[in-house]
Amino acid sequence: MSKIFSFGFWNSIARVILRNRVTIIIITLCLTAFLATQWKNMRFSYTEANLLPDDDEINLEYNNFLDTFGEEGNLIVIAVKDSTLFTPEKFKAWNNLTKTLSSYSEIDHVISLGTLQKLEKFDNPKRFEMVPFIEQKDWDSTDVAGYKDELLNKLPFYKNLVYSGNKKTVQTALYLNEDIVNSKQRKIFVIEDLKPLIDKFQEDADMKVYVSGMPYIRTLNSQNIIDEIGLFIGAALLVTSLIFFFFFRSIRATVISMITVLIGVMWAFGIIGLLHYEITVLTALIPPLIIVIGIPNCIFLINKYQQEVKNHGNQAKSLQRVISKVGNATLLTNLTTASGFATFILTDSTLLKEFGIVASINIVALFILSLVIIPIIYSYMPLPKDKHLKHLNKQWIGGFVDWIERMVRHHRIAIYISSVCLLVVSIIGIYTIKISGSLLEDMPQKADFFTDIRFFEEEFDGIMPLEILIDTKRPKGALKLSTLKKMETLETAIEEVPQLSQPLSVVRLAKYSKQAYYNGNPKYYQLPTSQERNFIAPYLKGFSTEGNLMSSYVDTTGRYARITTFMKDIGTDEMDRIEAELWPKINKIFPEEQYKVSMTGKALIFQKGTTYLVKNLVISLTLAIILIALLMAWMFRSFRMILISVIPNLLPLIVTAGMMGFLGVPIKPSTILVFSIAFGISVDDTIHFLAKYRQELKANNWKIKRSVYAALKETGVSMFYTSIVLFFGFSVFMISSFGGTVALGGLVSATLLFAMLSNLLLLPSLLLSLEKSIANKETLKEPAIQIITEEDDILDDTNS
């Protein structure tokens, strides 16, 4: 009954499609036009990827920090390491650059040589005042040399802030307006204003300028993502069309396939816009993914059409059978592929959830497009000529299938031994895999801005902010001398960590006030004693920190204090070690009953997000396996067949994980996707093989051997075709400048190649070796749906 229903259902679908061709074309064009109007809603991401759930404790702590002190990722730094800087001409040029930058409305304030202020003591009345460090006049060599000496030797307050610890590099800090930090305006300022200005200065002043800071890095990085979307789409179209043409030797078939997947790409962009999702490093992969995954649909449909034409030459009958016979199997393979992506929807990460939703919707949409567009276009065209059908008899493909059959027939033991050896070696490799939570690792390492990042790491010990928020639990508690001494102790502990920079906090201002009290003598740059504090207090009355550098390190109530340090590009393991080293010291310095201390910052959130994703990897992959196993159970009604079908698809994943370990490719957000994507796609081959195998079983009176070899010959060619397309299609991602995208492309390609061999060698071998346990009709009960319909004369009636 289920067989008749399935056949009748797909036969009805075929009738609807072929009898309503014009209507379907109009609907498709209207839907495409509507989705094209949604492109305007696409937004490119202007923030770092937050991989943690919104209600995660780490996210809540970060939001609390932002509520207290505002945006922390609004700093852009420009620096020069040039011995000629302190000559009148270049000194003037550098200060003029600062003036120009200060004039932009996008910049709140600037800290540089030209705007530097120093704290001075006045006695009548007793007060401290911030006075300009540099007098505005025409400087000569003596003036400039004096400024250099005073800055580097008498103002430790500005160490690692304006000049580096080795005193060879000078930098300017640009604090962006918080309102534009996470907006399109930031991109416009960086790309159209800042970058051209810096480039012109370098040329005019003949000095190399290094630029960095999270807003700058994020802007250029996101621009690279935008640039690569077009590159990927073009490369994917080129590679898949060339391979397609090589297999089919038909320009017509190639063009039809390209039209189909291009409409799919247009729909993908439209759906992203319709859902108002951002273009991130993940969602940017979806359009080229649609091309790569869509071409196998075209291969199955066009290959079946040409086979039918070759068999009987009746176009209407051929198109009818393409839909009714291939539609069911193609639907199931697309559903399994979509389910691999859909498992990400079940995670709590917004980034992954959006990626899963868009990818799974578009894969199903692409199946529908393929099923209606290809038969309809062919229905308006003449029958393929003999030269277009020659590929069906290619001897080299037959030779490959014959080799597979010989291996399965005569060398099953060798196949098992090879599989076990691969498994053992891969498990060893898995134990060497590292987890990376680096914000910078996947960025284009050949880009100029990445070189600049390394420069700042070397000169200033880091560029990614790590924030420590101290809640003293009482107003003005952050300004008490006892709290300042505790903060100084913690800062000393932080300075002892090689991966962290010298911290910034209100402690610096307290030390500077003592130095100013002693008339600027740098040896007094230290925290005042209780007695000295009483002497200094009259000078602090009326002293305003409004607009001062340190005003953002204590909140307006004086309850909260902030310590900022900058991290080098370190991975998750290294950061965990640093945290484990710092927290006991923090808890000892700041007892929990008196203080509440939290550690936060965007770089730390990204690292914690990576750890979160690794935990979810196991969950999402397990869900994908269970979901696909349930589909197999529904299809074949056999527990043994579920095991037989899952094993050949798990082995390639384990081999890939082992490769990652041996090649030093860490687990990170980009490579985490590999497993669910590859598993969802590789199961397609299993479905096609087992579907044909079951059909052959019934045709050959349940004789396993004959059925296995017949299924192998029938499906081997299409499995080879689609696997090669997928292999080279995913290899396109390896041209990316992003390390994570390169790894994703290479690993998925390798996994799918292993999966093809596993499904062609290991799967039939298991069926043959377990012949006795599955050689009865009870083991393979009538499936819930008929995946491939038998030849039936009733199909001929549909042509009337």
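The structure holds 20 aromatic pairs, a pair being two rings of Phe, Tyr or Trp (its six-membered ring) with centres within 6.5 Å, where planes under 30 degrees apart count as stacked, over 60 as edge-to-face and the rest as tilted. This is a predicted model, in which local features need pLDDT of at least 70 and side-chain atom pairs count only at pLDDT 80 or more, while totals for chains, interfaces and linings use all residues. Residues are numbered from 1 along each chain as its sequence is written, and side-chain values use heavy atoms, with hydrogens and water left out.

**Aromatic rings**

- Phenylalanine 727 and phenylalanine 728 form an edge-to-face pair, with 5.1 Å from centre to centre and 90° between the planes.
- Phenylalanine 727 has a relative accessible area of 22% and is therefore partly exposed, given that buried means under 20%, exposed over 50% and partly exposed in between (1.4 Å probe, protein chains only); phenylalanine 728, at 39%, is also partly exposed.
- Phe86, Phe91, Phe133 and Tyr147 are linked into a cluster by ring pairs.
- The charged end of lysine 121 sits over the ring of tyrosine 517, 4.8 Å from its centre, which requires NZ of Lys or CZ of Arg within 6 Å of the ring centre and within 35 degrees of the ring normal.
- Lysine 208 lies over the face of tyrosine 210, at 5.2 Å from the ring centre.

**Salt bridges**

- A search of the whole structure finds 14 salt bridges, each defined as a side-chain nitrogen of Lys or Arg within 4 Å of a carboxyl oxygen of Asp or Glu.
- Glutamate 467 forms a salt bridge with arginine 562, their closest N and O atoms being 3.0 Å apart; the pair links distant parts of the chain, with glutamate 467 in strand β9 (residues 464-471) and arginine 562 in strand β10 (residues 560-567), 95 residues apart, and both residues are buried.
- Lysine 511 and glutamate 488 form a salt bridge with closest N and O atoms 3.3 Å apart, joining helix α17 (residues 506-517), which holds lysine 511, to helix α16, which holds glutamate 488, across 23 residues.
- Lysine 511 counts as buried at 16% relative accessibility, whereas glutamate 488 is partly exposed at 24%.
- Leaving aside neighbours within four places in sequence, glutamate 488 is in contact (heavy atoms within 4.5 Å) with Val507, Lys511 and Leu527.
- Arginine 577 forms a salt bridge with glutamate 574 at 2.8 Å between the closest N and O atoms, and both lie in helix α19 (residues 572-589), three residues apart, about one turn of the helix.
- Lys118, Glu120 and Glu150 are linked in a network of salt bridges.

**Surface and interior**

- Val22, Ile25, Ile26, Leu29 and Tyr380 form a nonpolar surface patch with about 480 Å² of accessible area together; patches consist of residues with over 30% relative accessible area and no salt bridge, like charges being joined within 9 Å and nonpolar side chains (Val, Leu, Ile, Met, Phe, Trp, Tyr) within 5 Å.
- Threonine 337 lies in helix α10 (residues 315-342) and is buried at 1% relative accessibility, touching Ile293, Ile363, Gly680, Ile681 and Asp684 when residues up to four places away in sequence are not counted.

**The chain as a whole**

- The chain has 26 helices and 11 strands, which are DSSP runs numbered from the N terminus (H or I of at least four residues for helices, E of at least two for strands).
- Of the 800 residues in the chain, 59% are buried.
- The accessible surface of the chain comes to about 32800 Å², of which 58% belongs to carbon and sulfur atoms, with areas from the Shrake-Rupley method with a 1.4 Å probe; for residues, only the protein chains shown count as cover.
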